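Here is a friendly walk through a two-chain model. Have a look at the picture first, and then we'll go through it piece by piece.

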Amino acid sequence: MHELSIVASIVDTVTESVAAYPGAQVKEVRLRVGALASVVEDSLQFCWELTTEGTPLAGSKLVVNTLPVVMHCEACAQEVELAGVQSFRCPRCGEPCSDLRQGRELEIDSIEIDEVEQQA
Amino acid sequence: MTTRIVELRRGILKKNDELAALLRGRFISADVLVLNLVSSPGTGKTAFLELTLRELLARGAKVAALVGDLETDNDARRLAASGAPVRQINTHGICHLDAEMVDRHLEAWEGVSLDGLEYLFIENVGNLVCPSSYDLGEKIRVALLSVTEGEDKPLKYPTLFNSADAAVITKMDIAEPCGFDRALALKNINEIRPGIRIFETSAKTGAGMDEWLAYLAEARAKI
């Protein structure tokens, strides 16, 4: 239940980033969230409107791209994608895997903005 | 109006991660083994930590503890009975500790400096969800589970158990009356975090403490 502070942190970062584009309106914010990030999309969406009010992000859409867990399986010598987070075993050979390559991400991937044309 | 996509690729908890990395560097250069203890409320983190502090002090080690709770300094008072310096962090509603709180309390802690320590324990707020997202700069994250909580806790809270470096099962003295299925609990922990070190302990009888203390000494030697 720390989604509110996560959303507040997203708003701060995006506000700082759009300062380079005066007058720009943020249309969309895209996140990459790993399946092991302990963050629930519904809770993020629930806080979104309230937290973005009165900021350059007001009226923007939050898009959450959830990333599956990817482990490196030593036995297969390759990266494998897990179907869920209930068993950390290679889905190909069944061996336990402890080398996590993806799944804890919690990041802002990109933003889409409408830029004001600069007068010549 | 022109539409533009701006790539940010910024970690949302970047500020915390950066401060945690700084803290980790400071802990390593001061040669202090730092552990972050995480579990649900009621697992027995405080009792386990109190016994750990007592045992380490009895062996002449220099130890201290930071303890996080929403309110009250009850846990700090309990832990201070061990004789170790203890400082309470009250989060006033925040469900986890973060690197900034740890940094601020270390700075403000009169009479305790990293240079004078060998072990620093950080007892997190009782919560199996949020603390897993916040790096505190610790060397070892310990996930605790008591025999009264159900063997499937690791499956229900995979993020925390998967990010742990060691697991401690507490209250082993009442395992039998609780109908605790030891084999199943060990299997579930291993399913989520294959190969993790697991300690089966009791703060009441002292069971498992020798193995745990040997692990701490070994981990400290490897800083």
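## How confident is the prediction?

Chain B has a mean pLDDT of 96, and 100% of its residues reach 70 or more; pLDDT is the predictor's confidence in each residue, on a scale from 0 to 100. The model as a whole scores ipTM 0.86 and pTM 0.92. Where pLDDT is low, predicted coordinates should not be read in detail.

Some housekeeping: this is a predicted model, in which local features need pLDDT of at least 70 and side-chain atom pairs count only at pLDDT 80 or more, while totals for chains, interfaces and linings use all residues. Residues are numbered from 1 along each chain as its sequence is written, and chains are lettered from A and ligands numbered from 1 in the order in which they are written.

## Chain B

Chain B holds eight helices and eight strands (DSSP runs numbered from the N terminus: H or I of at least four residues for helices, E of at least two for strands). Its radius of gyration is 18 Å, close to the 17 Å that the globule rule gives for 223 residues, so chain B is as compact as a globular protein of that length. That radius is taken over C-alpha atoms, and the rule is 2.2 Å times the number of residues to the power 0.38. The C-alpha trace of chain B spans about 70 × 45 × 35 Å along its principal axes.

Seven strands of chain B make an open, parallel sheet in the order 4-3-5-2-6-7-8, where two strands pair if DSSP finds at least two bridges between them. At the edges sit strand 4 (86-90) and strand 8 (197-200), each pairing on one side only. Inside chain B, strand 2 (residues 33-38) and strand 5 (residues 119-123) run parallel over five bridges, and Leu35(B) stands opposite Phe121(B) in strand 5.

## Chain A

Chain A has two helices and six strands, which follow the pattern α-β-α-β-β-β-β-β along the sequence. A compact globule of 120 residues would have a radius of gyration near 14 Å, but chain A has 18 Å. Its C-alpha trace spans about 60 × 35 × 15 Å along the principal axes. Buried residues make up 30% of the 120 in chain A.

## Where the chains meet

How many residues of chain B are in contact with chain A? There are 28, and they touch 29 residues of chain A; contact means that two C-beta atoms, placed from the backbone, lie within 7 Å. On chain B's side, the elements giving two or more residues are strand 1 (2-11), helix 6 (158-162) and helix 7 (182-192). Strand 1 of chain B supplies the largest share, ten residues. By class, this side has 13 nonpolar, nine polar and six charged residues (Ala, Val, Leu, Ile, Met, Phe, Trp, Tyr, Cys and Pro count as nonpolar, Asp, Glu, Lys and Arg as charged, and the others, Gly among them, as polar).

Strands of a sheet pair through backbone hydrogen bonds, either parallel or antiparallel.

Notes
Buried ≥ 20, exposed ≤ 12 C-beta atoms within 10 Å, placed from the backbone.
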